[in-house]
Amino acid sequence: MNIYLIGIFISFIIYLIVGVVIGRKVKTANDFYVAGRRAPMLLIVGSMIASYVSTGLFLGDAAEFYNGLFSPMMILSIMQVVGYIYGAIFFGRYLRRSEVYTIPEFFGKRFHSEAVRKLATITSIIMMIVYLLSVMQGIGTLMSVITGIDYKLCILLSLIVFVFITMFSGAKGVLITDTIMFSLFTGALVIASFLIIKNAGGWNHVVETVTQLADKPGILDWGGNTEYLYPSKVMNVFWGLIYGVVWMSVCMAGPWQSSRYMMAKNEHTIIRSSLYIAFGVFLLELLTGVASVSMNVYTSTYAEPSKILIYASMEVLPTIVGVILLTGVLAAGISSATTFLSLIGSSCANDIYKGKRNTITISRISMFFVSIIVMILAMTNPPQIRVILYFGGTIVAASWMPACFASILSKRVTKTGIFCGMLAGFIGCFIMKLVPDALGISLPVYLDPTVVGIALNLIAMFIGSALTKVTPEEVEARQKLLVVPESEKNPHDIKITKRYVRCTVLLGLIITLTMIFVWVIPIWR
Amino acid sequence: MELIISISLGLWVALAGILGYLHLRKEYDK
């Protein structure tokens, strides 16, 4: 048995023990679905970052950085972190205020419409399944490469772990195991990236070496490597901007992100958490970026770029650090899988079954069957982690993001408008993704499914709302949402929360200075 | 160009803080 397999098994046992301990304390539906709405800031920050950082960061994003898209990837990453600030202030607080168990339930309550709730449920479950599939394939690929065990068996083993944690301990267990896993992969990435750069001769030496690579011209230029994704720098930057919007939407409105807000102990926790989450995600992307770029010093022609950090763990880093990093990467995948699965179960029980009794049992049964279906899909289809992951993000941006914000900010939007917008965005994004693939053509970056999906959503929402009238129930539901609860009016809490939000401006300054010192100055030298 | 991108990204984040702050102030000071 190799050392990596031992590390993975130990981590699996720890997660299972934590799942059992927490599961025994889960008594009510409130505990199971929303962790009793008592989660402190640490658990919200840990769980949101862990849900965001799936194997996609360590496999997908690392490959893009390694292949020469440093600048477009940093544009994407920094654009997306803003989604946490907007998501918390303009959507998450209201979600918690509505006291619902699922986001489709929120839409149904806000618009007094079962049709809107059903559509949101269907799109939500499709998004989750798409994401769960991507994560399962990522976990299977990673585990198989590092342990030598068959890919399908790896998927089965990891599935047993995350299905058990989720079914047994619900949202409460997911929040805690997510936070443990977040600590593990964050610590591992900080140490690993420092050692990768140090062993490569320091960051300045890395920059000097990689900028002279003949096979990756412009790897650190403002437009990235023009021989990789698009043949022009402008197009590469445009790609970063488009996917920046996609992932910003995911961070703002993605169900596996915004659902955490329903579990926070109060609205101040939601707002304050967003600052730490934004900083944490920026830092993790930056560390992944500099570590992956630095790997070009060791080998610039690695045949499978998506496994470059696995290669680093096994060949470059000291064994113990490699074991911790790989266990951390696996933890990132499992933490995302637990979140997706718990949301699928919650939606099946609360939005489809909708009974008053035995909802936890229904939720557990649906989690079990969905995980079996996704496992079969993951085993029978070739791994396409990044493609599937980006497709899931596109559905969120096109179908949900405009609806989430319109439901809070717009007085004129109606249930018909929301329904038409969601549907048009969803179908538009599917067609723009599937038809070009079927015809074997590639569309220009400005006709990306996200752009078309969001545009169709907004147009359909506008037309649908213009042709119908806002009902008194919809007016009342929105006004109720906009009233700040008495429990949130403590002047001291408000003062501190406002200070946190002002610190976002400081975060912008920190990001600019970091980019100047890490990127601009070294490449100008 | 690299400098412009770095500054723009910082401003993008700062803008979120300003808009968020204005929205919160409006709601809390009602």
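1. Chain A of this predicted model contains 20 helices and 0 strands, where helices (H or I, at least four residues) and strands (E, at least two) are DSSP runs numbered from the N terminus. Residues are numbered from 1 along each chain as its sequence is written, and because the model is predicted, local features need pLDDT of at least 70, while side-chain atom pairs count only at pLDDT 80 or more and totals for chains, interfaces and linings use all residues.

2. On overall dimensions, a compact globule of 525 residues would have a radius of gyration near 24 Å, and the 22 Å of chain A agrees with this; the radius is taken over C-alpha atoms, and the globule rule is 2.2 Å times the number of residues to the power 0.38. Taken along the principal axes, the C-alpha atoms of chain A fill a box of roughly 65 × 55 × 50 Å.

3. Of the 525 residues in chain A, 63% are buried, that is, under 20% relative accessible area with a 1.4 Å probe and protein chains only. Among the contacts of chain A with a separation of 6 or more, 85% are between residues 24 or more positions apart, contact meaning heavy atoms within 4.5 Å.

4. Although Pro72(A) and Gly223(A) are 151 residues apart along the chain, their C-alpha atoms are separated by 6.7 Å. With neighbours within four places in sequence left aside, the residues in contact with Pro72(A) include Trp222(A), Gly223(A), Asn236(A) and Trp239(A).

5. Helix H13 (residues 308–316) of chain A has as its buried residues Ile308(A), Leu309(A), Ile310(A), Ala312(A), Ser313(A) and Val316(A). These buried residues of H13(A) pack against several helices of chain A, among them helix H1 (3–23), helix H7 (114–147), helix H8 (151–199) and helix H14 (319–353).

6. Turning to the partner chain, 40 residues of chain A are in contact with 24 residues of chain B. Together the two chains, A and B, bury about 2,800 Å², with 76% of that area on carbon and sulfur atoms; buried area is the accessible area (1.4 Å probe) that two parts lose on being put together, summed over both. On the chain A side, Tyr86(A), Trp222(A) and Lys498(A) lose the most area to chain B, together 19% of what that side buries. Trp222(A) is also one of the residues in contact with Pro72(A).

Conventions
Chains lettered and ligands numbered in written order. Heavy atoms only, no water. Buried < 20%, exposed > 50% of the residue type's maximum accessible area, 1.4 Å probe, protein only.
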